[in-house]
Amino acid sequence: MNYNYLLQQEFNVGIYIRLSQEDKDKKYESDSESVINQKELLKSYVKNNNFNLSGEYVDDGYSGTNFDRPGFQKMLEDIKKKKINCVIVKDLSRFGRDHVMTGYYIETFFPENSIRFISILESYDSFKNQASNDSSTFIIACNDYYSKQNSIKIKNVLNDKRRNGKFIGSKPSYGYMRDPEDKGHLIPDPKTAPTVKKIFKWRVDGIGPTEIATRLNNENIPTPSQYKNIKFSSRLIIRDEWNISSVKKILTNRIYTGDMVQHTQSKVNYKSKKKITLDKSLWIIVENTHEPLVDKKTFEYVQTLKNRHSRNYSLKTTRPKRMFEGKIYCKECGNRLSVYYRKKFDYWSINCNRYSRDPKRGRCSSHFYPYDYLEQQLLEQIESAVYIFINELDLQELNREVVKNIHKETESIDKIIDKLTLEKEQIINRLSNLYNDRCDGIITTELYKELSMESERKLKKINNSIEIEKNKIENIKNKANILPNYTKKIKKLLDLNKPKKELIDTLIDKIVIDENRNINIKFKYEVIPEINFRYENKKLIRNPYGKKGKTK
């Protein structure tokens, strides 16, 4: 067939290169599969066909079983921006090994975006009607099958090594290093093993995890993450210091007794990165595989210390909650301020729970208050604001303002629903085309099921999103119906000498307190303006420790 018409078109090419960790380990393939050699092959092909090289997209060390790869995602962005109109790969396995999604991109996404797709080794060219294209579906399925079988083989090999007591993790636990003569055997790390021994000794001597962390920081000992050069979690506020969690992780790790504990987690399947924690019955434990850093009796004793409490106050979970409990938040870290009962002093206090859990780490600042004094000032401020609101209340004006706000909020949600509905229609059309292709014998029933499964999953997700947005609109519109009842409850607040917690929960959205004792009270539905005031130490003569007084 004559393809001279292609010579008249200008193609801005993006070459895509992928190399997985498994490919790197295949010595016999390393030369041809390497990033450098793939790049040279692709560039040569682009030059020989007089294409314009507009982009290079590389994923080095990424699996082909999913498409959540930085290089691939960047290529999709450039396709949407019309920077490239042709994608070239060395072979289909470099593009991807998941046959459902690989088929989707080649047979649906690229045609819909007018992208020419070329795979050199399979002689596949989406812009040419040629016999070699017909084998692509079979090749893609084989690549997926290969990945699945390869995953099973690797798992079996790794489990055999685990059962033989060999360490197969990426990095040994803090305190150990790989034996230079046997990579599956662990030996004490001369730099970190003494620190582990010191942590266990301190704990046996009665020193708690908080004080242990403080001592390690004072001695400027690098944390396990720093020593292993591991990326920090984005959730951590202080990223380069020892804390309670890092100390407890060492104190509860059985590997320090000389036992190898592995297979505690597993991936959902070979295509997913998500891991699940396995039941302890599935863990692979081999005793006495390496030199212990702590004897087993000491380790068992340390585990018993977890159940001992040294604090002189406790949270009472069976008691009725105090009036503002659960409504008060710390401005600095966003956590709730917890209400504590100090049993020894018969005294209620409030503080930031993040600070209370680990005060020496400075993860937040103290927000300590005698609770009764705080409650008294909050009620005074709320009652004053409510009194002003009732006197100036104009229900008609209030209703008009609410309707105006409702219209503004629902308008933006309507736009989101319209966008989701459009996506839904596109997927339904795609499914309809797939069904017609199956009926016409263009694709097999098995392939139809595989391709439609992903579309149906997306369709279900979109339907759920539409339902959520519609519920938002319903909730917003309910404000107008809630308003009359809400104003009744506001009036009721003034009629009580001391309102009940249920009424406060109905009226107040949240109360935010900063470290300088500035307090912000927000009402629900924004009917009453926010209250801002500063806590004052009133009635200082009164004993803050209650009836029993402070013990000497």
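Student: How many bridges join β12 to β16?

Tutor: The two strands run parallel. The model is predicted, so local features need pLDDT of at least 70 and side-chain atom pairs pLDDT 80 or more, while totals for chains, interfaces and linings use all residues. Residues are numbered from 1 along each chain as its sequence is written, and side-chain values use heavy atoms, without hydrogens or water. Strands (E, at least two residues) and helices (H or I, at least four) are DSSP runs numbered from the N terminus, and the number of bridges joining β12 to β16 is three.

Student: Which residue of β16 is the bridge partner of C330?

Tutor: Strands count as paired if DSSP finds at least two bridges between them. For C330, the partner in β16 is I513.

Student: Which strands stand at the edges of the sheet?

Tutor: The open sheet has four strands in the order β12-β16-β17-β18, with mixed pairing. An edge strand has a single partner, so one side of it is left without a neighbour in the sheet. The strands at the edges are β12 and β18.

Student: At what angle do α10 and α12 pack?

Tutor: Axes are lines fitted to C-alpha atoms over the stretch in contact, and angles run from 0 to 180 degrees between N-to-C directions. The axes of α10 (residues 209-218) and α12 (residues 244-251) are 8 Å apart. The angle is about 105 degrees.

Student: Which residues of α12 make the contact with α10?

Tutor: Contact means heavy atoms within 4.5 Å. From α10 come P209, T210, I212, A213 and L216. From α12 come I244, V247 and K248.

Student: How many of the ten residues of α10 are buried?

Tutor: The buried residues are P209, T210, I212, A213, T214, L216 and N217. They pack against α9 (193-204) and α12. α10 is mostly covered, and its number of buried residues is seven.

How values were computed. Buried means under 20% relative accessible area, exposed over 50%, partly exposed in between (1.4 Å probe, protein chains only).
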